[in-house]
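Subject: Structure for your files

Hello,

Here is the structure I said I would pass on. My notes on what turned up in it follow below.

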Number of protein chains: 2
Amino acid sequence: MITVQPSASREDYLKAIYVLEDEGQGPVSTNALSERVQAKPASVSGMLKQLAEGGWVDHTAYRGVSLTAAGRGIAVDVIRRHRLWEVFLVDRLGFGWDEVHDLAEQLEHVEHAELMNRLDAFLGHPAFDPHGDPIPRSDGTVVDPRRLITADALLPGQSAVVKGVVDSSDGFLRHLDALGIGLGTAFEVSEWHGFDGSATIAGKGLWTAAVLRNLYVEING
Amino acid sequence: MITVQPSASREDYLKAIYVLEDEGQGPVSTNALSERVQAKPASVSGMLKQLAEGGWVDHTAYRGVSLTAAGRGIAVDVIRRHRLWEVFLVDRLGFGWDEVHDLAEQLEHVEHAELMNRLDAFLGHPAFDPHGDPIPRSDGTVVDPRRLITADALLPGQSAVVKGVVDSSDGFLRHLDALGIGLGTAFEVSEWHGFDGSATIAGKGLWTAAVLRNLYVEING
DNA sequence: TTCATTTTTTAGGCAGGACTAAAAATAAAT
DNA sequence: ATTTATTTTTAGTCCTGCCTAAAAAATGAA
């Protein structure tokens with residue numbers, strides 16, 4: 001089989017492997033991948049064979065999979081496309097940050113050499129997407145100079161600004177909307193409640209542990 | 001087979017049938033369709049069976065195919081999506097009118113209920129695409145109040161404005177660019193040359209018959 | 001009407017990408 | 001160490017869209 005261009009489906013797999021490789025360490029298991037791409041492990045096995053033949057991944061049977069340089073390049077580009085589209089959808093079309101994921105999943109597979117560079121310029125070369133994730137540059141580098149921690153690591157009296165989310169599921173994002181929390185929201189921890197991990201936030205009431213550990217923040221100063 | 005949602009491929013077929021039905025009159029032949037969608041007649045036959053089963057077309061063997069109301073609705077919507085994306089690509093991203101067709105072919109198949117309405121609003125509810133073709137409304141109506149004729153029907157001394165093109169192939173569009181002709185170009189026919197159908201255009205030199213019969217214009221006044 | 005030509009359909013395949021069921025390899029537990 | 005449980009892979013199907021080759025229907029000419 002001579003496959004020159006990864007199909008949409010293959011791009012999805014490469015992206016998924018990239019993310020999972022980033023989260024955990026070491027090669028990615030077939031099971032984890034199957035969960036991520038919403039396919040049965042058997043289907044994943046088949047796809048991995050293709051990806052290995054295409055030179056996009058290294059795969060040893062029963063030992064997990066990892067990206068080659070070529071595969072990583074494609075994965076990063078797919079992520080770049082995804083995040084640029086998200087910026088467009090939220091900043092220009094006025095979608096909520098909880099509404100754009102599925103749409104961007106479709107748009108990211110549109111094939112065109114020049115399109116993303118033009119969209120990037122049109123959007124003003126944004127560095128981060130609507131969820132606070134860094135947007136890879138066209139040369140494949142991913143730059144994120146921020147020093148982010150999760151909000152559950154803040155000390156009482158510290159103030160911080162929300163810069164991203166750990167969990168970017170629709171449900172969590174809508175919950176944040178309901179609480180009035182978004183990117184750029186500044187706050188100060190008044191008091192921790194050790195019993196359930198929640199904290200009182202100055203002027204904003206109580207935030208639960210589940211919320212706090214899913215917020216990426218930058219400490220003020 | 002129970003098919004609720006037309007696939008990208010089926011949408012392409014419905015769009016092609018719509019266009020061909022518009023051009024010629026009466027049902028569309030398998031051959032004409034096969035040419036249009038770049039597939040063999042045998043493949044078209046198979047697809048027509050599917051489309052008929054889905055209730056999108058009426059198809060009698062050897063008698064050609066025509067759209068049902070449902071099929072026409074989808075075809076018009078695909079065209080709407082295609083043309084709105086073209087406006088975006090040309091007006092906002094700065095692509096040339098000869099560069100956007102293939103890209104719009106991909107974008108038109110992105111499935112999302114709200115997307116096109118938002119894009120439409122973002123673009124200021126444009127009535128025409130970069131080639132001068134009318135953009136269907138979201139209710140499925142196609143409104144074009146213009147009285148367009150092709151430029152080869154102008155009389156000497158008449159002045160007119162270019163409003164569209166009959167042939168929107170890349171090659172013709174680039175040729176128009178080279179001649180300095182675009183939508184909105186105003187001109188006046190000085191003299192016809194019966195021998196080859198060309199005409200002298202006041203201040204703009206000679207335009208050939210091939211150019212003139214592929215320009216839609218509105219007469220001034 | 002009959003023959004030749006064109007158009008369309010049927011029949012049989014192939015590739016991609018998913019599935020289920022079953023086998024094989026690894027990991028865990030006794 | 002041997003059995004048990006889990007993970008992963010193989011084997012065999014299916015569906016979608018395309019293909020080619022061949023058969024059948026329609027059309028046009030003689």
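Of the 221 residues in chain A, 42% count as buried. The model is a predicted one, so please read every value here as computed from it. The secondary structure of chain A amounts to eight helices and eight strands. Taken along the principal axes, the C-alpha atoms of chain A fill a box of roughly 60 × 40 × 30 Å. Among the contacts in chain A between residues at least 6 apart in sequence, 61% join residues at least 24 apart.

The two chains

Helix packing

In chain A, helix α2 (residues 30-37) packs on helix α3 (residues 41-53) at an angle of about 105 degrees, and their axes are 9 Å apart. An angle of 65 to 115 degrees counts as roughly perpendicular, and α2(A) and α3(A) are therefore roughly perpendicular to each other. On the α2(A) side, the residues in contact are Thr30(A), Asn31(A), Leu33(A), Ser34(A) and Val37(A); they meet Pro41(A), Val44(A), Ser45(A) and Leu48(A) in α3(A). By class, this contact of α2(A) with α3(A) divides into five nonpolar, four polar and no charged residues.

In chain B, the pair is helix α4 (residues 69-92) and helix α6 (residues 115-122), whose axes come within 10 Å and cross at roughly 40 degrees. α4(B) and α6(B) are therefore oblique to each other. The crossing in which α4(B) passes α6(B) is left-handed. From α4(B), Arg80(B), Arg81(B), Leu84(B), Trp85(B), Phe88(B) and Arg92(B) take part, meeting Leu115(B), Met116(B), Asn117(B), Leu119(B), Asp120(B) and Phe122(B) of α6(B). The contact of α4(B) with α6(B) has seven nonpolar, one polar and four charged residues.

Is Lys15(A) buried or exposed? With a relative accessible area of 12%, Lys15(A) is buried, the cut-off for that class being under 20%. Lys15(A) sits in helix α1 (residues 8-23) of chain A. Not counting residues up to four places away in sequence, Lys15(A) touches Ala75(A), Val78(A), Ile79(A), His82(A), Glu105(A) and Glu108(A).

Ile149(A) belongs to strand β3 of chain A and is partly exposed, at a relative accessible area of 28%. Apart from neighbours within four places in sequence, Ile149(A) is in contact with Leu154(A), Leu215(A), Tyr216(A), Val217(A) and Ile219(A). Ile149(A) and Arg213(A) are 64 residues apart along the chain, and their C-alpha atoms are separated by 9.2 Å.

Thr141(A) is in the loop between α6 (115-122) and β3 (149-150) of chain A. Its relative accessible area is 36%, which makes Thr141(A) partly exposed. Between the C-alpha atoms of Thr141(A) and Ser66(A) the separation is 19 Å, for a pair 75 residues apart along the chain.

Positive phi

Two residues other than glycine have a positive phi and may be worth checking by eye. Where does Tyr62(A) lie? Tyr62(A) is in the loop between β1 (57-59) and β2 (65-67) of chain A, and its phi is near 70 degrees, a positive value in a residue that is not glycine. At 83% relative accessibility, Tyr62(A) counts as exposed.

The other is His125(B), again not a glycine, with a positive phi of about 50 degrees. His125(B) is found in the loop between α6 and β3 (149-150) of chain B. A relative accessible area of 47% makes His125(B) partly exposed.

Regards

Conventions
Residues are numbered from 1 along each chain as its sequence is written. Chains are lettered from A and ligands numbered from 1 in the order in which they are written. This is a predicted model: local features need pLDDT of at least 70, side-chain atom pairs count only at pLDDT 80 or more; totals for chains, interfaces and linings use all residues. Side-chain values use heavy atoms; hydrogens and water are left out. Axes are lines fitted to C-alpha atoms, for helices over the stretch in contact, and angles run from 0 to 180 degrees between N-to-C directions. Helices (H or I, at least four residues) and strands (E, at least two) are DSSP runs, numbered from the N terminus. Angles under 35 degrees count as roughly parallel, over 145 as roughly antiparallel, 65 to 115 as roughly perpendicular and the rest as oblique. A crossing is left-handed if the near helix is turned anticlockwise from the far one by less than a right angle, and right-handed if clockwise. Contact means heavy atoms within 4.5 Å. Ala, Val, Leu, Ile, Met, Phe, Trp, Tyr, Cys and Pro count as nonpolar, Asp, Glu, Lys and Arg as charged, and the others, Gly among them, as polar. Buried means under 20% relative accessible area, exposed over 50%, partly exposed in between (1.4 Å probe, protein chains only).
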